[in-house]
Amino acid sequence: MTSVEVLVVVHTAVYGQRLRDVHALLDADPRVRVRFTVAPHTFNRGAAAHVRRLGGAVLPWAEAVRRRFDLVLAAGSQGLERVHGPTVRLPHGVGHNKLSPTGVGAGRTVAGLGPEYVLWEGRLVPAAYTLAHQDDRTELGRGCPEALRIAEVVGDADHDRIATALPDRERYRTALGLRPGERLVLLCSTWGSGSLFTRLDTVLPRLAAELPRSGHRTALLVHPNVSALHGSRAVRARATAAARGALSVLGPEEDWRPLLVAADFVIGDHGSVTLYGTMTSAPILLAGYPARGINPRSPGAQLARTAPALSPSRPLTAQLTHAAEQYRREDYAAIAARISSEPGRFDRRMRRLLYRVLGLDEPTHPPTPPALPLPAPLWPGHDDGGVGAPRAVAEASRAVSGAAGDL
């Protein structure tokens, strides 16, 4: 029986999350041996823990770059020119919303779709570059036309998982501990300047002061790069203290998708999770949008033209009410349709590509992706009676003092 080796290159926790539904397509095939390695990256704190949780065989980076593999999977570019084997490269976000930090003015390319992401010394590094939407292919043609011959539109795994989970929304809400009629307000922050994270010190105290605790729950999702830079303990402590304990902070290792499926409102920024929120029926308030850093042709820019912006002066409950009243599902569905031009077909199309690169016949059975896992209950729970929150604030304040050096 033919045996092949696959290397999964994990640069950061985010990149690892983007790859999880890809290497899972190979796990059950006895002909395929999957190994993992953690590549150098500014934000790779947490990447090793992500790989350990997968329970797979891990190679040190120094050893991985000395060997040859039949297939390499990656969602980032750094160091890939040193890896030996045909590489299938995935985008590590959705919508290609951000402009590259390199270049000036009109010369800036779209992040992930410029030559600096796929070329090394003039040659193409990946054997295939997968894209979620035909619009991404058009954008790639603008930024790096040399890469069009290796581009393949396969769809988006997270899009398909969320779409499959939405009919079971009540199951996820029950698992989170939400009561019937209770509203979940989900805050989603990307990383970097212009993100919601840079405004948490003003937004979270307002949530604590203005949002009635009776009938509302609040949860925060922060981009794992923030935790990689500052330390997840310090991020959690500061957010909890700012919200006076009335907040669940999800760690970088937790699956954000069930929270999005369960949410009643989304307060977000220009990050991927906010954009995925257009797939749900949750009204969206935008708390951060650095227009100069956003691709004006992207679905993220379309979302910014559609969703109301969070105001620092108007009462928060009135803004949520306004967002719900002006919400038109068809407007957000049009944005969501730009996430994937192959809805429901990611697993089939991606597996076909992987086996083509490997030179193996595909398994005869169709891929059967697992459902999103049920999440753990949110904190604070229903039985706190107001006692747990003050205790949480005190604990968070002590943690902030001890964790200040992490920031």
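This is a predicted model: local features need pLDDT of at least 70, side-chain atom pairs count only at pLDDT 80 or more; totals for chains, interfaces and linings use all residues.
Residues are numbered from 1 along each chain as its sequence is written, and side-chain values use heavy atoms, with hydrogens and water left out.

Me: Is His96 buried or exposed?
Reply: Buried means under 20% relative accessible area, exposed over 50%, and partly exposed in between (1.4 Å probe, protein chains only). Because its relative accessibility is 11%, His96 counts as buried.

Me: Which residue has its backbone oxygen 3.2 Å from a polar atom of the His96 side chain?
Reply: His96 is in contact (heavy atoms within 4.5 Å) with residues including Tyr129, Asp136 and Ala111, once neighbours within four places in sequence are left aside. The backbone oxygen that lies 3.2 Å from a polar atom of its side chain belongs to Ala111.

Me: Why are the buried residues of H2 on the same side?
Reply: In helix H2, residues 47–54, the buried residues are Ala47, His50 and Val51. They lie on the same side of H2 because the arc that they cover around the axis, taken from the directions from the helix axis to the C-beta atoms, is only 95°.

Me: Which residues touch the most other members of the largest nonpolar core?
Reply: A nonpolar core is a set of buried Ala, Val, Leu, Ile, Met, Phe, Trp, Tyr and Cys residues joined through side-chain atoms within 4.5 Å. Of the 35 residues in the largest one, those that touch the most other members are Leu184 and Leu259.

Conventions
A polar contact is a pair of N or O atoms within 3.5 Å; within protein, one must be able to donate a hydrogen and the other to accept it, and residues adjacent in sequence count only if both atoms are side-chain atoms. Helices (H or I, at least four residues) and strands (E, at least two) are DSSP runs, numbered from the N terminus.
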